[in-house]
Amino acid sequence: MLMFQKFDLIKPYDNDEGYFDYQDKLLQNISNNAENALRLAILQTLAPVENYESAICLLQYEQDIFDDKRISLIGFYLSIVWNGEPKKFINKMLSYSQKASNEYKSMVDYLLALQSLYKEQEDEMIAFLKKSIALYEFHVNNFLLLSKYSNKKDSKLYIKKARENIINMTDNETIEYFTDPNNFIGEFISGCLMPIETFEELIS
């Protein structure tokens, strides 16, 4: 627990949503527990706290302690979207990818495409997206992003495929659900757990 006290974590006055109490519970059971370490980092991103810098710092620290390929994946994603340093996660992420499933490799290529998008490198982005889809055709975000850079006919097909890949989840508003690393990956990286309302807004 003490090794995590150096980070800018949620304070007692941020406990309106029960975040501080939940954080304390995680910290009490975090030794040799990558799942709780990931939950701790994701917790920092939840509204109204939204301390992405702290989340990224935690993940950077955790990837050197725990052997869990989700840490570098989530860290790389947050670093791209919230002005972190993706280079601090990319080597570990690519190392895991070498021996990982095609599903994981597909998500890595999607994130590399997302990085290319932020760098305004369109041709490279499209190449990564096509590779991502070729590896695994049951994600959402790779199809959705590629649809925005395709002709009208192909775009409709990609959107149709993306919609088919969304998994309808029952409403779940618990802290445990939102901090589950698999749910985070499902919503923000693969896109399969994206709320259908969000999907419809993105394609409108």
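1. Lining of the largest pocket. By class, this lining has 15 nonpolar, 3 polar and 4 charged residues. The model is a predicted one. In total, 22 residues line the largest pocket, and T45, L46, A47, F178 and F188 are the ones nearest its centre. The space in the largest pocket comes to about 420 Å³. Rolling a probe the size of a water molecule over the atoms is what shows where empty space is left.

2. Helices around the pocket. At least two lining residues of the largest pocket come from each of α4, α10 (175-178) and α11. The helix that gives the most to this lining is α11, with 4 residues.

3. Helix α4. This helix covers residues 69-81, 13 residues in number. From first C-alpha to last, α4 reaches 19 Å, which is close to the 18 Å expected at 1.5 Å a residue. The helix is mostly covered, with 11 of its 13 residues buried. Among the buried residues of α4 are R70, I74, F76, Y77 and L78. The partners against which the buried residues of α4 pack are α2 (34-43), α3 (52-62), α5 (87-99), α6 (102-118) and α11 (181-188). Just after α4 comes N83, with a positive phi of about 55 degrees.

4. The loop between α2 and α3. P48 has its place in this loop. The peptide bond that joins A47 and P48 is cis, with omega about 5 degrees. A47 also belongs to the group of lining residues nearest the centre of the largest pocket. E50 is found in the loop between α2 and α3 as well. Although E50 is not a glycine, its phi is positive, at about 50 degrees. Is E50 buried or partly exposed? E50 counts as partly exposed, because its relative accessibility is 42% and buried means under 20%.

5. E120. E120 is not a glycine, yet it has a positive phi of about 60 degrees. With a relative accessible area of 74%, E120 is exposed, because the cut-off for exposed is over 50%.

6. F199. This residue is in helix α12 (residues 196-203). F199 has a relative accessible area of 0%, so it is buried. Which residues does F199 contact, leaving aside its neighbours within four places in sequence? They are V140, L144, I159, A162, R163, I166 and M194. Between F199 and N168 there are 31 residues in sequence and 12 Å in space, C-alpha to C-alpha.

7. N165. The loop between α9 (152-164) and α10 holds N165. N165 is buried, because its relative accessible area is 9%. Apart from neighbours within four places in sequence, N165 is in contact with E137, F138, H139, V140, F143 and C192. V140 is also one of the contacts of F199. N165 and S116 lie 24 Å apart in space, C-alpha to C-alpha, and 49 residues apart in sequence.

8. Cysteines. How many disulfides does a search of the whole structure find? The search finds 0. A disulfide is a covalent bond between the sulfur atoms of two cysteines. C57 is partly exposed, at a relative accessible area of 34%, whereas C192 is buried, at 9%. C192 is one of the contacts of N165.

Terms used
Residues are numbered from 1 along each chain as its sequence is written. This is a predicted model: local features need pLDDT of at least 70, side-chain atom pairs count only at pLDDT 80 or more; totals for chains, interfaces and linings use all residues. Side-chain values use heavy atoms; hydrogens and water are left out. The expected span of a helix is 1.5 Å times one less than its number of residues. Buried means under 20% relative accessible area, exposed over 50%, partly exposed in between (1.4 Å probe, protein chains only). Contact means heavy atoms within 4.5 Å. On a 1 Å grid over the protein atoms alone, a cavity is a set of points where a 1.4 Å probe fits but cannot get out, and a pocket is an open set with protein on both sides within 12 Å along at least five of seven lines; lining residues have an atom within 4 Å of a point. Grid points are joined across faces, edges and corners, and a volume is the space filled by probe spheres set on the points. Ala, Val, Leu, Ile, Met, Phe, Trp, Tyr, Cys and Pro count as nonpolar, Asp, Glu, Lys and Arg as charged, and the others, Gly among them, as polar. A disulfide is a pair of cysteine sulfur atoms within 2.5 Å.
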